[in-house]
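I kept these notes while going through the model. Each entry records what I looked up.

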Amino acid sequence: MNELARLLLFLGLAGSAVTFLGSAAIWFMEEERRIKRGLKKVLKGEPEALILAKGRGRAAGFRFSAGMMAVTWDSGGWCLVYRVDELVGAELDIDGEVMGRAYRGEARRLLDHAPASATSVTLRLIFDDVRHPDFDLVLFRAGDDPRRNPATAASAIQEAN
């Protein structure tokens with residue numbers, strides 16, 4: 001009987017250790033943490049501002065104190081670093097129509113109205129770069145997988161604005 005108690009105790013400890021390691025791996029590999037680690041690495045410090053396309057592994061981070069910004073995809077696996085002055089402008093695309101835009105040196109086109117039932121919300125960052133002129137962040141798309149924790153169209157529009 002003494003051997004059985006020792007075996008059960010050992011199995012319980014081993015199960016707890018495996019559960020703890022699995023939980024730690026899931027926490028460490030979570031999309032938002034991976035993106036923040038990737039941006040911190042390429043910007044050489046914590047991003048001061050961050051906009052994240054949840055569930056798509058894409059984000060843009062800004063470090064204004066260093067005058068740098070970076071865009072990332074593949075959950076932080078790939079990044080492009082720019083100086084902030086290379087950002088020419090941004091457009092807010094709702095259901096395929098540009099509803100708001102801001103370009104350097106031009107008057108802003110403010111978001112006049114936000115449709116309540118939008119099916120897609122995309123923020124497009126436009127750069128002064130021939131090889132990579134723009135970067136799209138799809139913030140909301142109707143029919144998103146529920147595991148992605150999709151934002152509502154209204155909250156995605158507000159975040160992009």
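I looked up Trp 78 and found it in strand 4 (residues 78-83); helices (H or I, at least four residues) and strands (E, at least two) are DSSP runs, numbered from the N terminus. The model is predicted: local features need pLDDT of at least 70, side-chain atom pairs count only at pLDDT 80 or more, and totals for chains, interfaces and linings use all residues. Residues are numbered from 1 along each chain as its sequence is written, and side-chain values use heavy atoms, with hydrogens and water left out.

Trp 78 counts as exposed because its relative accessibility is 53%. For the cut-offs, buried means under 20% relative accessible area, exposed over 50%, and partly exposed in between (1.4 Å probe, protein chains only). Leaving aside residues up to four places away in sequence, I list Val 71, Thr 72 and Trp 73 as touching Trp 78; contact means heavy atoms within 4.5 Å. I also checked Asp 129, 51 residues from Trp 78 along the chain, and the C-alpha separation is 17 Å.

Next I followed Val 71. With the same exclusion of residues up to four places away in sequence, Val 71 touches a list of residues including Trp 78, Tyr 82, Leu 125 and Phe 127.

Which residues have the most contacts inside the largest nonpolar core? They are Met 69, Val 71, Leu 125, Phe 127, Leu 137 and Leu 139, in a core of 25 residues. Among the elements that each supply at least two residues of this core are strand 3 (68-73), strand 8 (134-141) and helix 3 (153-160). A nonpolar core is a set of buried Ala, Val, Leu, Ile, Met, Phe, Trp, Tyr and Cys residues joined through side-chain atoms within 4.5 Å.

I then turned to the aromatic pairs, of which the structure holds 3. Rings of Phe, Tyr and Trp (its six-membered ring) pair if their centres lie within 6.5 Å; planes under 30 degrees apart count as stacked, over 60 as edge-to-face and the rest as tilted. Phe 62 and Phe 64 are stacked, because their ring centres are 5.5 Å apart and their planes are at 10°. Tyr 82 and Phe 127 are also stacked, with centres 4.0 Å apart and planes at 10°. Tyr 82 is in strand 4 and Phe 127 in strand 7, so this pair ties together parts 45 residues apart in sequence. Tyr 82 is buried at 4% relative accessibility, and Phe 127 is buried at 4%.
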